[in-house]
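Work through the exercises below with the model open beside you. Try each task before reading its solution.

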Amino acid sequence: MMTTREQKRVALVTGAGSGIGLAIARRLVSDGWTVLFADRDFAAAGSACSEAGGAGTGSRPLTLDVSRREEWADAVQDLRDREARLDLLVNNAGITRDRTVEKLTDLDWHQVIDVHLTGTWLGCQAALPLLRESGGAIVNLSSEGRHGSFGQANYSAAKAGVVGLTRTIALEQARHGVRANAVAPGPVDTPMLAGVPEDVVNGWLEQIPLRRLAQPAEIAAVVAFLGSEQSSYITGQVIAVDGGSSHP
Ligand code: NAD
């Protein structure tokens, strides 16, 4: 049986219209959270909210391009006006523009950095006042690719940057009761992998001790834990969810 306080907890999940974000939002709805399904694609966010059982529970879709400061300001004002609190921010939205370093264009570089790294920074900065009021938490999506990933210099640099950003926020905000952690998945079975050639995926599978891709719900379970009171003494950490690929 949940307490009234738990029933009222509010989470904002970016990129909730697809893949891992949808799985995170679905998991939080089933755990009793009120979830804002934020995505730059409002139609996808709306379908995701219905599909995840959010309709009628207070959960709702929200249009948000995470790379735009003014859209974060609007989203936080909307939260203040309607839910009047925020307990968990999940910075999950992402894109890829894969090319080797020599072929990478300025546009490929900036688009990926803008969404993953700048978007995560803008979201944390905009949401911190509300998170401080509730003693809330931040979970940022990094990736196994933070250590370097063939054809993904832009993505790898962004995901390494997310780790430094997360750790710094954890250090600065601990005194204010806000925790910040990152989750670093290996390959996950989502639309983001749709364009990856089969032989590349098979090469990955040979390197993964568990010999399979992660399911989005397996990432969502870790995010839900890091957003809950059960992880109240964990901050500034990067949790690898990669089937055993990485060393501690
Ligand atoms: P996905 O492509 O299935 O979904 C990404 C979602 O983000 C989409 O709904 C899209 O509309 C939204 N989005 C894109 N740009 C946006 C923006 N500027 N503002 C708001 N929303 C935006 O991707 P996914 O596989 O679910 O990936 C989710 C996160 O997990 C990403 O940060 C990704 O880097 C990370 N990740 C994925 C994998 C994987 O193998 N799929 C592995 C490690 C990390």
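**Exercise 1: a strand and its neighbours**

Strands β1 and β4 (residues 88-91) pair in the parallel sense over 3 bridges; strands are DSSP runs of E with at least two residues, helices runs of H or I with at least four, numbered from the N terminus. Two strands pair if DSSP finds at least two bridges between them. This is a predicted model: local features need pLDDT of at least 70, side-chain atom pairs pLDDT 80 or more, and totals for chains, interfaces and linings use all residues. Residues are numbered from 1 along each chain as its sequence is written, and side-chain values use heavy atoms, without hydrogens and water.

Task: find which residue stands opposite L12 in β4, and which strand pairs with β1 over 5 bridges.

Solution.
1. L12 faces L89 in β4.
2. The strand with 5 bridges to β1 is β2 (residues 34-39), also parallel.
3. There, V10 stands opposite T34.

**Exercise 2: burial of β1**

Task: decide why β1 (residues 10-14) counts as largely enclosed.

Solution.
1. Buried means under 20% relative accessible area (1.4 Å probe, protein chains only).
2. On one side, V10, L12 and T14 are buried; on the other, A11 and V13 are.
3. That makes 5 of the 5 residues buried, so β1 is largely enclosed by the rest of the structure.

**Exercise 3: oxygen contacts of the ligand**

Task: which distances separate ligand oxygen atoms from D39 and I20?

Solution.
1. A side-chain N or O atom of D39 lies 2.6 Å from a ligand oxygen.
2. For I20, a backbone N or O atom lies 2.7 Å from a ligand oxygen.

Methods: Polar contact = N/O pair within 3.5 Å; in protein donor to acceptor, adjacent residues only side chain to side chain. Buried < 20%, exposed > 50% of the residue type's maximum accessible area, 1.4 Å probe, protein only.
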